[in-house]
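Reader: Before I rely on any single detail of a model, I would like to learn how to read its features one at a time. Could you show me the chain and take me through it?

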Amino acid sequence: MYKVLISSRMFGKLDEEPLRLLQKNNCEIVDNPYRGTTLNEGQLLELIKDIDGAIVGDDYFTRKVIQKANALKVISKYGVGTDRIDLKTATDKGIIVTNTPGSNKNAVADMVFTLMLSVSRQLPNAINIVKQGRWKAVIGRELYGQTLGIIGLGQIGKEVAKRAQGFNMKILGVEPSPDKEFIEHHRIELVEIEVLLSESDFVTLHLPSIPSTKGMINSQKINLMKKDAFLINTARGDIVNEEDLYIALKERRIAGAALDTLITEPPGRH
């Protein structure tokens with residue numbers, strides 16, 4: 001019997017078939033008292049002993065956690081990014097690390113448009129006004145016909161581009177290894193990042209967290225954006241310099257930002 005820890009918040013949440021499949025194949029699902037949250041190092045240190053396999057989300061599988069894992073054979077990321085898994089320590093211990101490219105591409109692309117519509121139509125502001133018992137017109141902006149800048153045209157970036165066509169948006173893209181057939185078919189204009197930032201009404205990030213992308217959206221890059229533009233991040237929190245973004249928003253250098261990911265999740269915890 002193999003012991004499997006599920007730290008992913010979504011695995012088996014909407015459909016229990018994956019859980020039944022594990023149980024049918026000689027796997028015991030270990031109770032996770034923190035299910036539904038992103039697990040930090042301390043929580044994982046409590047749980048990882050005698051675990052054979054882990055199905056993980058954005059949890060912090062640090063060097064300490066992996067070193068304590070006395071039986072761990074595989075870490076399976078339910079998603080794409082493995083930046084919160086210490087790959088070197090896992091490799092040194094002979095632990096296999098896998099991910100699931102494309103598994104959440106539609107959900108993330110949908111979220112991008114949820115966030116764009118929310119900030120452009122000022123939905124949080126409108127909701128708060130009604131909750132306070134007031135009735136006031138909130139004037140938003142249309143997405144239709146606007147310019148969308150997509151930084152990173154991998155599987156998720158491509159799905160965002162497909163949805164943007166339904167809004168008749170002009171699409172600018174930055175991608176070091178472009179799929180030329182897709183780019184041509186979806187009428188995407190590949191440009192330098194400086195051009196994309198300066199001409200886009202919405203900028204959406206779809207990059208992995210690697211040394212070259214960490215903190216790349218900083219004050220210098222934000223200052224290239226239009227004053228009425230919005231920044232959307234559903235990729236990795238550390239791609240954006242949060243302090244620079246906070247100052248830019250405070251000084252109204254851009255119209256707004258919508259973040260589905262932060263450097264520290266939940267905020268204030270490691």
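Author: Let us start with pairing, for which one rule is needed: two strands count as paired if DSSP finds at least two bridges between them. Please keep in mind that this is a predicted model. Here, strand β3 (residues 53-56) and strand β4 (residues 74-77) run parallel and are joined by four bridges, and within this pairing isoleucine 55 stands opposite serine 76 in β4.

Reader: Which strand pairs with β3 over three bridges, and in what sense?

Author: That is strand β1 (residues 2-6), which pairs with β3 in the parallel sense; valine 4 has glycine 53 in β3 as its bridge partner.

Reader: Is alanine 90 buried or exposed?

Author: The cut-off matters here, because a residue is called buried when its relative accessible area is under 20%. Alanine 90, which lies in helix α4 (residues 87-92), has 0% relative accessibility and therefore counts as buried. Once its neighbours within four places in sequence are left aside, alanine 90 is in contact with Ile66, Ile95 and Val97.

Reader: What do the radius of gyration and the box say about the chain as a whole?

Author: One compares the radius with a rule for a compact globule: for 270 residues the rule gives a value near 18 Å, and the chain has 21 Å, which agrees. The C-alpha atoms fill a box of roughly 60 × 50 × 35 Å along the principal axes, and the chain has eleven helices and eleven strands.

Reader: How much of the chain is buried, and what share of the contacts joins residues 24 or more positions apart?

Author: Of the 270 residues, 43% count as buried. Among contacts with a separation of 6 or more, 56% are between residues 24 or more positions apart. As for the accessible surface, it comes to about 14,600 Å², with 52% belonging to carbon and sulfur atoms.

Conventions. Residues are numbered from 1 along each chain as its sequence is written. This is a predicted model: local features need pLDDT of at least 70, side-chain atom pairs count only at pLDDT 80 or more; totals for chains, interfaces and linings use all residues. Side-chain values use heavy atoms; hydrogens and water are left out. Helices (H or I, at least four residues) and strands (E, at least two) are DSSP runs, numbered from the N terminus. The radius of gyration is taken over C-alpha atoms; the globule rule is 2.2 Å times the number of residues to the power 0.38. Buried means under 20% relative accessible area, exposed over 50%, partly exposed in between (1.4 Å probe, protein chains only). Contact means heavy atoms within 4.5 Å. Accessible areas come from the Shrake-Rupley method with a 1.4 Å probe; for residues, only the protein chains shown count as cover.
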